[in-house]
Amino acid sequence: MTDEKVQEEQTEVAEKNTLATEETYMTAGAHIGTRQKTSDMKEFIYKVRNDGLYIIDVNKTDERILAAAKFIASYDLKQVLAVSVRQYGERPIQKLSEHTGISVLPGRFRSGILTNPNAKGYVEPELLIATDPLADIQALREARNTGIPVVALCDTNNETKHIDLVIPTNNKGRRALALVYWLLSKAILKEKGKIENYDDFNIELEEFEAEL
């Protein structure tokens with residue numbers, strides 16, 4: 001991307017008071033949903049393509065990342081836990097942790113981690129961030145059983161019954177997951193007063209991308 005193009009996008013973002021342009025979200029594939037939709041996710045769907053794929057409204061993705069950042073930043077970040085059973089979500093949440101101090105559990109989520117004080121690796125977070133409610137179902141169940149609020153990245157096929165704040169996005173794509181957690185990181189830091197402007201977060205998006 002040329003310096004002129006970067007400047008154009010930064011100007012557009014500033015004028016619209018958004019985190020990223022529609023083009024940025026779409027280049028990362030954040031808008032690509034599945035061929036299934038739930039009634040819970042209907043409000044976040046822009047249209048259905050001819051091939052049957054549901055398309056997510058990335059303007060709502062942007063709005064929800066900002067809302068999630070405000071919500072997450074209201075907690076002590078060390079008491080926030082992010083999980084991802086999905087392989088492509090592991091590196092993004094590890095980078096989220098590195099830059100914000102949020103705790104993470106990448107990979108397999110062992111039963112009892114949130115509910116059994118005698119379980120190996122037992123933790124008592126005050127807030128859970130889930131990468132995919134379907135893949136991270138065990139973590140969601142335990143959060144529900146212990147009354148822990150949940151922020152979750154939700155695709156068109158997800159149910160949101162026990163989720164407190166939904167971030168609508170493609171939650172399976174490598175680049176989409178990297179983008180959402182990259183944007184969430186900088187938004188959280190701005191909400192916490194760690195950076196003054198989003199541009200002060202001088203970490204490249206590629207650093208959040210899982211290896212192929």
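1. Gly 121 is placed in the loop that lies between strand 4 and strand 5. The model is a predicted one, and the remarks that follow should be read accordingly.

2. Gly 121 counts as partly exposed because its relative accessibility is 43%, and that class covers values between the buried limit of 20% and the exposed limit of 50%.

3. As to its surroundings, Gly 121 is in contact with Arg 110 and Ile 113 once neighbours within four places in sequence are set aside. Leu 105 stands 16 residues away from Gly 121 along the chain, and the two C-alpha atoms are 9.7 Å apart.

4. The sheet is open and consists of five strands with parallel pairing, arranged in the order 4-3-5-6-7. Strand 4 (103-106) and strand 7 (165-168) form its edges, each pairing on one side only. On average, neighbouring strands of this sheet are turned by 15° against each other, direction ignored.

5. Within the sheet, four bridges join strand 3 (residues 80-84) to strand 5 (residues 127-130) in the parallel sense. In this pairing, Val 80 is found opposite Leu 127 of strand 5.

6. Two helices deserve mention alongside the sheet. Helix 3 (residues 58-73) lies across strand 3, strand 5, strand 6 (150-154) and strand 7, and runs at about 145° to strand 7. Helix 6 (residues 174-191) packs on the sheet, where it touches strand 5, strand 6 and strand 7. The direction of helix 6 makes about 145° with that of strand 6.

Notes. Residues numbered from 1 in each chain as written. Predicted model: local features only at pLDDT ≥ 70, side-chain atom pairs only at ≥ 80, totals over all residues. Heavy atoms only, no water. Pairing = 2+ DSSP bridges. Axes fitted to C-alpha atoms, helices over the stretch in contact; angles between N-to-C directions. Contact = heavy atoms within 4.5 Å. Buried < 20%, exposed > 50% of the residue type's maximum accessible area, 1.4 Å probe, protein only.
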